[in-house]
Amino acid sequence: SDVTFNLLCFGTNFHALWKVCRPYNNDTMKEASNYIDTLDANLGATAMHYPLHEVYVGADVRERDVFVLTDGFVDDPPATLQVVKDHQRLARIFVVGLGADVSYYQVRELARIGGG
């Protein structure tokens, strides 16, 4: 399969499971599942523009779909939306807001501008 993936966790800072996307297969899926099991959902603020920029910078010629799960109010909404606007041809963004603290307006705007 030509499908590749990676996981980026974000809050005040962000980090990726791998330095580059890896092929989707049983081994990488198991590694990703194990990684998810170790995550702490309290990563601080919701600074989304930095990890989104990282996703775009690493974008290659493949079509890229980005799935964002967030439980908070996005820090610096103008910067976040600008990153998506500047790179919207490189990836589609699908956003899921979880919980009562989510800015549903921001979630909808990210998805709308990102083509998700």
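**Reasoning about strands and salt bridges**

Author: In this predicted model, strand 5, helix 3 (residues 77–87) and strand 6 make a right-handed β-α-β unit.

Reader: What makes strand 5 and strand 6 a pair?

Author: Two strands pair if at least two bridges are found between them, and six bridges join strand 5 (residues 65–70) to strand 6 (residues 92–97), which run parallel, so by that rule the two strands are paired. One of the residues involved is threonine 70, whose bridge partner in strand 6 is glycine 97.

Reader: Why is the contact between arginine 92 and aspartate 65 called a salt bridge?

Author: The rule asks for a side-chain nitrogen of Lys or Arg within 4 Å of a carboxyl oxygen of Asp or Glu; the side chains of arginine 92 and aspartate 65 meet at 2.9 Å, N to O, and therefore the pair qualifies.

Reader: How do you know whether glutamate 109 and arginine 112 are buried or exposed?

Author: Buried means under 20% relative accessible area and exposed means over 50%; glutamate 109, at 14%, therefore counts as buried, whereas arginine 112, at 57%, counts as exposed. These two residues also form a salt bridge, with their closest N and O atoms 2.9 Å apart, and they are separated by about one helical turn because they stand three residues apart in helix 4 (residues 104–113).

Methods:
Residues numbered from 1 in each chain as written. Predicted model: local features only at pLDDT ≥ 70, side-chain atom pairs only at ≥ 80, totals over all residues. Heavy atoms only, no water. Helix = DSSP H or I, 4+ residues; strand = E, 2+ residues; numbered from the N terminus. Right-handed = clockwise from strand over helix to strand, strands pointing away. Buried < 20%, exposed > 50% of the residue type's maximum accessible area, 1.4 Å probe, protein only.
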